[in-house]
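The structure is shown first.

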Amino acid sequence: MAIENGEWIMRGLDWDDPARIQSWEELIGWIDELGLLPLFKNEVDGFSVEENTADLAWWTGDEEQDPWEWRALIARSGKVAYGKFFGKKAGFLSKAWFPHFVNWRRDGYDFDSRWEDQLAPVRQKRIMDRFSERDEWFSSELKRRAGFGKGGEKNFEGTVTDLQMGGYLLIRDFRQRINQKGFAYGWPISVYTTPEALWGYDHVASAYSTDPAESKALVYAQVRRSFPEASEAELDAVLGWDK
């Protein structure tokens, strides 16, 4: 995705290209095959949803064809993880590869251990504590209950993004809020949850016995299987994270 002459330009495929991904179910299958996949074009050629779907289908609102709508359907399915995992930008992780991704990004720490070792800021602690109360939170309610906003903590969006990059949160769905009379209203907004709530602690922590550096190497090698021309610098630009 790029801006040219003030317009958003999608770097996708022609509608008639037989190589294009044609449904969200097909996209899940490709994510499972690759292990991980950013939503938008990046430094590694071909390594995105954008470059493998019809460019004119984006933001049409058609659930059958619009990859922007697919991301919500895929997140809701729970078959793969969706969140800001790639350079603080959105993308997908397969269930099979999520444990190594998490082991690498968490550097072997559950969040409580990270907090106890003074490696996490209080803003993150305020957010993560809310998930001991319930598994899912609308972004607007999470922001309020965690004490962000006027007169409180700052940078809610940046903090939840860092928690996704660290493997502690993901986006479970996009839903309309519900008013006091039980009616849905407004635009759909992000619903956050923890990986443990989605897939269980045992699965999420199943690579904890592996050295985090080895998990990182395995993730990089997995991407190289499908994109062997990608350089180390290009992979770092997409996959790397300056904690």
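## Residue T194

T194 sits in the loop that links β8 (184-193) to α8 (195-199); helices (H or I, at least four residues) and strands (E, at least two) are DSSP runs, numbered from the N terminus. The model is predicted: local features need pLDDT of at least 70, side-chain atom pairs count only at pLDDT 80 or more, and totals for chains, interfaces and linings use all residues. Residues are numbered from 1 along each chain as its sequence is written, and side-chain values use heavy atoms, without hydrogens and water.

A polar atom of the T194 side chain lies 3.1 Å from the backbone nitrogen of A197. Beyond its neighbours within four places in sequence, T194 is in contact (heavy atoms within 4.5 Å) with M128, F131, D135, Y168, L169 and L170.

β7 and β8 pair (at least two DSSP bridges) in the antiparallel sense over 7 bridges, and L170 stands opposite T193 in β8. The two strands, β7 and β8, form a hairpin with 5 residues between them, and G182 in the turn has a positive phi of about 85°.

β8 also runs antiparallel to β6 (residues 137-138), joined by 2 bridges. F138 has V191 in β8 as its bridge partner.

## Helix α2

In α2 (residues 67-77), the buried residues are P67, W70, R71, A72, L73, I74 and A75. These buried residues pack against α1 (24-34), β4 (80-86), β5 (89-94) and β7 (170-178).

D66 caps the N-terminal end of α2, with a side-chain oxygen 2.8 Å from the backbone nitrogen of W68. Just after α2, G78 has a positive phi of about 75°.

Terms used:
Polar contact = N/O pair within 3.5 Å; in protein donor to acceptor, adjacent residues only side chain to side chain. Buried < 20%, exposed > 50% of the residue type's maximum accessible area, 1.4 Å probe, protein only.
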